[in-house]
Amino acid sequence: MAWAVLIVSGVLETVWAGALQASGNFHKLWPSLLFVGALALSMLGLSYAVTHIPLGTAYGVWVGTGAVGTALYGMVVLGEPVTAARLICLLLIVAGVVGLELLH
């Protein structure tokens with residue numbers, strides 16, 4: 001259960017990062033509220049996960065999931081550049097996250 005909560009919390013990190021960008025420096029109400037809600041849920045999930053998973057592993061998986069999700073969101077939704085180098089770097093992050101899970 002802790003692993004599932006941790007992955008969902010990492011995905012919520014992507015949500016709050018996208019909402020932060022969409023909030024227009026907190027001048028738009030709904031993206032700002034989405035940011036606050038997703039941030040709170042993401043942190044709550046991470047805090048739950050670290051009671052069952054070592055801190056370094058949990059934090060690495062959380063950050064990695066959020067970083068990859070946010071980078072993909074930027075490429076797919078925001079039109080950021082998609083290059084082979086960027087995709088390889090994202091794959092390396094995914095490999096690190098999987099490695100942390102396997103070596104836990």
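Helices here are DSSP runs of H or I with at least four residues, numbered from the N terminus. With that in mind, open the model, which is a predicted one, and let's walk through it.

**Stop 1**

Select Val77. You'll find Val77 in the loop between helix 3 and helix 4, the latter covering residues 84–102. Is Val77 buried or exposed? Val77 has a relative accessible area of 51%, so it counts as exposed, the cut-off being over 50%.

**Stop 2: helix 1**

Gly18 takes you to the next stop, as Gly18 is one of the buried residues of helix 1. Select residues 2–22 to show helix 1. From first C-alpha to last, the 21 residues of helix 1 reach 30 Å, close to the 30 Å expected at 1.5 Å a residue.

Next, colour the buried positions. In helix 1 these are Ala2, Leu6, Ser9, Gly10, Leu12, Glu13, Thr14, Trp16, Gly18 and Ala19. What do the buried residues of helix 1 pack against? Their partners are helix 2 (29–49) and helix 3 (55–76).

**Stop 3: Ser9**

Stay in helix 1 and zoom in on Ser9. Ser9 has a relative accessibility of 2% and therefore counts as buried. Leaving out residues up to four places away in sequence, Ser9 touches Leu41, Ser42, Gly45, Leu46 and Trp62. Show those side chains together. Leu41, Ser42, Gly45 and Leu46 belong to the helix 2 side of the contact with helix 1, while Trp62 takes part in the contact from helix 3.

**Stop 4: helix 1 against helix 2**

Select both helices. Their axes are 8 Å apart, and helix 1 and helix 2 pack at an angle of about 155°. Angles over 145 degrees count as roughly antiparallel, and helix 1 and helix 2 are therefore roughly antiparallel to each other. The crossing of this pair, helix 1 and helix 2, is left-handed.

To see who meets whom, pick out the contact residues. Helix 1 brings, among them, Val5, Leu12, Val15, Trp16 and Leu20, and helix 2 brings residues including Pro31, Leu34, Phe35, Leu39 and Tyr48. Colour the contact of helix 1 with helix 2 by class and you'll get 18 nonpolar residues, three polar and one charged.

**Stop 5: helix 1 against helix 3**

From helix 1, look for residues including Trp3, Ile7, Gly10, Val11 and Ala17; from helix 3, residues including Thr57, Val61, Thr65, Gly69 and Tyr73. By class, the contact of helix 1 with helix 3 has ten nonpolar, nine polar and one charged residues.

**Stop 6: helix 2 against helix 3**

Now show helix 2 with helix 3. The axes of helix 2 and helix 3 come within 10 Å and cross at roughly 150°. That makes helix 2 roughly antiparallel to helix 3, and the crossing of the two is right-handed. Select Ser42, Met43 and Leu46 from helix 2, plus Ala58, Tyr59 and Trp62 from helix 3, and you have the contact. Five of the residues in the contact of helix 2 with helix 3 are nonpolar, one is polar and none is charged.

**Stop 7**

Finish by going back to the end of helix 1. Just after helix 1, Gly24 takes a positive phi of about 60°. Asn25 has a positive phi too, near 60°, in a residue other than glycine. Phe26 is not a glycine either, and has a positive phi of about 65°.

Asn25 lies in the loop between helix 1 and helix 2, and is exposed at a relative accessible area of 62%. Phe26 is found in the loop between helix 1 and helix 2 as well, but counts as partly exposed at 44% relative accessibility.

Ser32 is buried, with a relative accessible area of 10%. Beyond residues up to four places away in sequence, Ser32 touches Ser23, Phe26 and His27.

Conventions:
Residues are numbered from 1 along each chain as its sequence is written. This is a predicted model: local features need pLDDT of at least 70, side-chain atom pairs count only at pLDDT 80 or more; totals for chains, interfaces and linings use all residues. Side-chain values use heavy atoms; hydrogens and water are left out. Buried means under 20% relative accessible area, exposed over 50%, partly exposed in between (1.4 Å probe, protein chains only). Contact means heavy atoms within 4.5 Å. The expected span of a helix is 1.5 Å times one less than its number of residues. Axes are lines fitted to C-alpha atoms, for helices over the stretch in contact, and angles run from 0 to 180 degrees between N-to-C directions. Angles under 35 degrees count as roughly parallel, over 145 as roughly antiparallel, 65 to 115 as roughly perpendicular and the rest as oblique. A crossing is left-handed if the near helix is turned anticlockwise from the far one by less than a right angle, and right-handed if clockwise. Ala, Val, Leu, Ile, Met, Phe, Trp, Tyr, Cys and Pro count as nonpolar, Asp, Glu, Lys and Arg as charged, and the others, Gly among them, as polar.
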